[in-house]
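This report looks at selected secondary-structure elements and how they are arranged. The sequence and structure come before the discussion.

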Amino acid sequence: MHVCVQNPQSPQDQVSQTVQGLSENEMLSLDIGLVGDLDREAFQRLYARTSSKLFAICLAVTRDHAAAEDVLQESYLKIWDRAKGYDPERNRPLAWMCAIARNAAIDWYRARARHHHVSDDHLNLQESEAAAADDRIIAMNREDQVWTAVSDLDAESEQELKSIFLLGLTYPEAAQRLGLPVATFKSRVRRTVIRIRRKLADD
Amino acid sequence: MTDRSTHDDLEIMAAGLALGLLEGMERAEAMRRQLEDPHFANRVRDWQEQSDRWLEDVESVDAPASALAAIEHQLESRGANTEVSSISNDQGSNKIWRSWAITATAASVLLAVGLGLAVTSPVQEQTGPVRTASEQPGQRVNVAQIKDEAGATLLSALYRPESGTLSLRLSDLQQPEHGPELWIIPEDGIPRSLGLMDSERLTVTMSYELRSYLQDGATMAVTIEPRDGAPHDAPTGDILGAAVLQEVPANTI
C-alpha cells in the first residue's frame with residue numbers, strides 16, 4: 001500500500017513509517033499535504049489510491065471515455081495546484097478530490113454544449129443540451145455499476161437525485177431534461193429528501 | 001401539522017441549496033436564511049456531507065493506463081510547480097482578476113485554517129443586529145456566496161444598498177499572521193479591499209466610495225493576506241474563491 005523507501009532518512013521514509021496504522025482517510029490527507037509541498041511520489045500514491053474513483057465520476061458525467069480521461073487529467077492537475085490549501089478539518093480527502101473531479105466534468109460538459117451550439121440561439125441550446133443530459137441520466141440509471149452504493153435505500157428516486165446532483169442540474173434544468181413539470185419534479189424530490197432524512201435519522 | 005410542514009419545508013430548502021438544485025429567488029432566499037439562521041446552516045452542512053458521501057461511494061472504474069504518465073508529462077511541461085498566483089500590485093494583475101471575475105460564478109478553491117473576527121477600515125463594524133425585517137417595496141439587495149471545491153460555503157454576503165450595510169458569514173480561514181481579506185472587483189477589473197475579516201459573522205457599514213462598487217454583477221473575492229498593513233491597496237495572496245453579486249428584490253427575502 002505504501003511506498004518502498006530506499007533512503008531511510010528521506011521524508012518519504014518518515015511518511016512510510018508513520019502510515020502504519022493510519023486509516024485510509026488519514027493516509028490520503030497525509031499524501032495531499034505532501035503533494036502541497038510538491039512531493040511527486042506522494043502524488044503518485046494519491047493517484048494510485050483514488051484515480052479509479054475519480055475516473056468513475058468523470059465518466060458518469062461526460063458519458064464519453066476520451067473526454068473522461070481528459071477531465072481526469074485536468075482534475076489531478078488541479079489537485080496538484082490546490083493541495084497546499086487542503087484543510088482536513090473541513091473536508092474528507094476523498095470527498096474533496098471527488099468534488100474537484102465532478103466540478104471539472106460539469107465544466108467540460110457545459111463548455112462542450114456551448115461550443116457545439118455556438119451558432120444556435122439560446123432556446124435551441126437548451127433543448128439540445130437537455131436532450132443530451134436526459135440521455136445521460138437515463139444511461140446512468142441503467143448502469144448500476146456507476147451507483148451501487150447505498151443500495152439499501154430504495155433505488156430509483158434516490159438514484160435520480162444522486163444523478164441530478166452529479167450532473168449539477170437545478171430544479172428547472174432537471175425537470176426539463178426528464179420531461180416533467182417543475183412542480184411535479186419538485187414534489188418527487190421532496191419525497192426523496194424526506195425519506196433520506198428520516199432514514200438517516202433512524203440509523 | 002404546521003410545524004411538521006415547516007420543518008420539512010426547511011429540510012427541502014437546505015437540501016436544495018446544498019445539492020445545487022435552487023436558482024434565482026429560491027437560491028437567494030436559501031442563502032439569506034443560511035446567513036442568518038445557524039440551525040438552517042447546519043442542515044445545509046448535513047446535506048453537503050451527504051452529497052460528499054454520494055461522491056465517495058461511486059463505484060470505481062479503472063482509469064486508462066496512460067493517464068498518470070500524461071498528467072506527469074503536463075506537470076513537467078508546465079515547469080512551474082503551482083498555478084496558484086501571487087498577485088503583484090502592477091497592472092498585469094488586473095488580468096488575473098478579470099479572469100476571476102468572468103469565472104466567478106463557479107465555486108472556488110479549498111482553503112486553510114482558521115477562526116476569529118474583526119474588520120478593519122475602510123469598513124466600520126456595526127454594533128446593531130442584522131436587519132431582517134421586511135424591506136420597503138422596490139428596494140433591492142445583493143447576495144453572493146463563495147464556495148470551496150467541495151461545495152461548502154466559504155463566505156456568504158448580503159448587501160443592502162439602502163443602508164449601505166454588508167452582512168457576512170465566513171468560514172474559519174484564519175492563520176496566525178494572515179487572515180481573509182475581502183475584495184470587490186467592479187467592471188474595471190481592479191480589486192478594492194473591503195477589509196480584513198477576523199470574525200465568522202459581522203455586519204459592517206460601507207464607506208460611500210465602496211458602496212459605488214457594490215453593484216449587481218460586481219465580483220467579490222477572498223484572499224489570504226498579512227494582518228499587517230490591512231486593508232491593502234492590492235491583493236498579494238492566493239485567491240481562495242470569487243462570486244458575482246446578484247441583485248434580488250428585497251421583499252422576496
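## Strand pairing in chain B

In this predicted model, G179(B) has E225(B) of strand β8(B) as its bridge partner.

## Helix α2 of chain A

Helix α2 of chain A, formed by residues 24-36, has 13 residues and reaches 18 Å from its first C-alpha to its last, close to the 18 Å expected at 1.5 Å a residue. Its buried residues are L28(A), S29(A), L30(A), D31(A), I32(A), L34(A) and V35(A), and the helix is followed by L38(A), whose phi is positive, near 70°.

## Packing of α8 and α9 in chain A

Helix α8 (residues 171-178) and helix α9 (residues 182-202) of chain A have axes that come within 9 Å and cross at roughly 105°. Because angles of 65 to 115 degrees count as roughly perpendicular, α8(A) and α9(A) are therefore described as roughly perpendicular to each other.

On the α8(A) side the contact is made by Y171(A), P172(A), A174(A), A175(A) and L178(A), and on the α9(A) side by V182(A), F185(A) and K186(A). By class, this contact of α8(A) with α9(A) has 7 nonpolar, no polar and 1 charged residues.

How values were computed:
Residues numbered from 1 in each chain as written. Chains lettered and ligands numbered in written order. Predicted model: local features only at pLDDT ≥ 70, side-chain atom pairs only at ≥ 80, totals over all residues. Pairing = 2+ DSSP bridges. Helix = DSSP H or I, 4+ residues; strand = E, 2+ residues; numbered from the N terminus. Expected span 1.5 Å × (residues − 1). Buried ≥ 20, exposed ≤ 12 C-beta atoms within 10 Å, placed from the backbone. Axes fitted to C-alpha atoms, helices over the stretch in contact; angles between N-to-C directions. Parallel < 35°, antiparallel > 145°, perpendicular 65-115°, else oblique. Contact = placed C-beta atoms within 7 Å. Nonpolar A, V, L, I, M, F, W, Y, C, P; charged D, E, K, R; others polar.
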